[in-house]
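Good morning, and thank you for coming. I would like to take you through one model this morning, going from its surroundings to some individual residues. Please look at the display first.

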Amino acid sequence: MPENKNIVIVGASNAGHGLAKKLALDTTLTVEYRILLIDPASAAYWPIASLRASVVPGWEKKCYKELKQEGIFASGTKHQLIKARVVKVAADHVELDREFEGSTTVPFATMVLCTGASQPFPMRPKQEWSPQEVEDHLKQMQRDIANAKSVVIIGGGPTGIEMAGEIRAQHPDTKITLIHRQPRLLDDRFPKKLSNQLEAILKKSKVDLVLGDEHIQEDGLVTDKQDTIRTIRTKNGKEIQGDFIFIAIGNSPNTQLIADADPSALSKERTINVNDYLQVTSSLFPNKNVFAAGDCANSPGWRSYISVEADITSISKNMAALLRGGPLKKHTPGPRAMVVPFGPAAGAGFAAMGPLGDTALPQMAVPFVKGKDLFTSKFFERFITA
Ligand SMILES: Cc1cc2nc3c(=O)[nH]c(=O)nc-3n(C[C@H](O)[C@H](O)[C@H](O)COP(=O)(O)OP(=O)(O)OC[C@H]3O[C@@H](n4cnc5c(N)ncnc54)[C@H](O)[C@@H]3O)c2cc1C
């Protein structure tokens with residue numbers, strides 16, 4: 001294989017895997033180029049189902065899938081899944097933590113960074129866990145939550161609210177308290193109506209809300225079952241007790257590769273700066289042959305699967321144009337929309353509807369749009385299961 005014919009994709013979860021599948025279909029491109037999809041993780045993970053998977057027995061199998069060559073690429077293909085970590089990026093090659101084809105250096109014609117974000121478990125598993133360990137940790141959390149009498153959730157963004165809903169739907173008698181720094185649920189990036197609808201649902205479901213206040217961070221406070229009842233102190237002087245603490249804050253993009261090579265290519269949120277065509281804007285890549293997609297990228301829109309889909313659609317086309325010498329097209333961001341289920345049967349959401357602006361979804365539609373299956377079919381349909 002001539003060394004300049006590699007399309008390198010770093011990260012094989014949602015953005016990376018989705019992009020590899022799209023590119024593999026472009027046979028006029030892949031007749032010349034081969035895709036190298038690189039990730040050390042043994043499983044692709046579906047964060048959208050991770051909260052239910054950590055509460056409801058049976059769901060632990062619905063948020064991950066083992067990453068295997070034959071699950072991603074058709075048999076006999078030249079494309080490859082490489083189980084390795086990229087430890088360095090340069091203008092025309094990446095460095096791996098292990099050898100591939102006799103070298104730790106992998107040259108590329110073009111590269112896409114899809115390194116995502118880190119969050120506490122269960123929103124993301126530890127990269128080094130085997131598929132069985134992912135499942136075992138989810139089952140352990142199901143048991144811990146089932147045994148808890150009093151759960152304290154720290155953070156009232158979509159994750160904290162969804163977790164309250166999953167626990168309430170499965171454990172009607174567990175005391176749940178949710179602490180949120182903002183005066184309303186979510187924050188001012190979201191329509192006020194959505195916050196109000198969710199607040200009404202949580203109150204009706206007997207979730208105690210502590211709004212406009214925040215916990216005082218103490219050493220060792222992580223999502224976990226506590227040995228005894230633990231007291232969480234807040235800045236406004238409240239003392240809240242719980243025997244299971246759930247941390248629903250903290251999402252950091254995995255962008256150390258770029259931070260090491262060119263820190264000026266990162267935004268203030270530490271996502272990778274991209275231009276209108278989703279090419280990484282860094283003097284490190286003078287040929288503009290490197291793109292970034294998904295949670296690690298500073299592309300327009302929320303860090304969401306909606307943005308992942310929009311990003312990889314643009315990149316698959318622009319990469320083909322770049323390699324063929326054609327004109328690139330400006331990226332079209334995904335739609336502005338958010339659905340926050342509260343368990344499988346309730347929740348609220350909105351979508352931007354052109355001139356009507358942000359418009360609330362009928363609440364009865366939420367279970368059908370997302371609440372029932374948490375888009376798991378979208379995740380599993382990507383894999384080859386023959
Ligand atoms: C509870 C929850 C609910 C959500 N609900 C929604 C929703 O309803 N709708 C929606 O649109 N979005 C939702 N999201 C967001 C959505 O799940 C994410 O935006 C999406 O999964 C991000 O995918 P990604 O591939 O960019 O990143 P990730 O899934 O983080 O994948 C990154 C991959 O890169 C790999 N990697 C990292 N560093 C390296 C390296 N150096 N070398 C090689 N590989 C590396 C990692 O191992 C990992 O496999 C939700 C998220 C959560 C947590």
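When I speak of helices (H or I, at least four residues) and strands (E, at least two), I mean DSSP runs, numbered from the N terminus. This is a predicted model, in which local features need pLDDT of at least 70, side-chain atom pairs count only at pLDDT 80 or more, and totals for chains, interfaces and linings use all residues. Residues are numbered from 1 along each chain as its sequence is written.

A residue is near a molecule if its C-beta atom, placed from the backbone, lies within 6 Å of it. There are 39 residues around the ligand, and Gly11, Ser13, Gly116, Gly294 and Tyr305 come nearest. Two or more residues of this shell come from each of the elements α1 (14-25), α3 (50-53), α6 (158-170) and α9 (305-324). By class, the shell holds 19 nonpolar, 13 polar and seven charged residues. Here Ala, Val, Leu, Ile, Met, Phe, Trp, Tyr, Cys and Pro count as nonpolar, Asp, Glu, Lys and Arg as charged, and the others, Gly among them, as polar.

Helix α9 leads us to aspartate 311, which is found there. Is aspartate 311 buried or exposed? Aspartate 311 is buried, because 29 other C-beta atoms lie within 10 Å. The cut-offs are 20 or more other C-beta atoms within 10 Å for buried, 12 or fewer for exposed, and partly exposed in between, with C-beta atoms placed from the backbone. Two residues are in contact if their C-beta atoms, placed in that way, lie within 7 Å. Leaving out residues up to four places away in sequence, aspartate 311 touches Ala15, Leu278, Ala293, Gly294, Ala297 and Ser299. The C-alpha atoms of aspartate 311 and alanine 293 are separated by 5.5 Å, although these residues are 18 residues apart along the chain.

Next, the interior. In soluble globular proteins, nonpolar side chains tend to be buried together. A nonpolar core is a set of buried Ala, Val, Leu, Ile, Met, Phe, Trp, Tyr and Cys residues joined through C-beta atoms within 7 Å. The largest one here has 107 residues, of which Ile9, Ala292 and Ala293 touch the most other members. Helix α9 gives the most to this core, with six residues. The contacts of isoleucine 9, not counting residues up to four places away in sequence, include Gly16, Leu37, Val112 and Cys114.

I turn now to the backbone. Most residues other than glycine have a negative phi, and most peptide bonds are trans. Phenylalanine 121 and proline 122, however, are joined by a cis peptide bond, with omega about 10°. Proline 122 lies in the loop between β10 (117-118) and α5 (131-147). Lysine 288, which is not a glycine, has a positive phi of about 55°. This lysine 288 sits in the loop between α8 (256-261) and β17 (290-292), and counts as partly exposed because it has 16 C-beta neighbours inside 10 Å. Leucine 374 also is not a glycine and has a positive phi, of about 50°. Its loop runs between α10 (366-371) and α11 (376-380), and leucine 374 counts as buried, with 23 C-beta neighbours inside 10 Å.

Finally, the record. UniProt, in an unreviewed entry, places the feature "domain: FAD/NAD(P)-binding" at residues 6-300. That span is 25% helix and 28% strand. Thank you.

Technical notes: UniProt positions renumbered as here; feature names shortened; annotations may be inferred.
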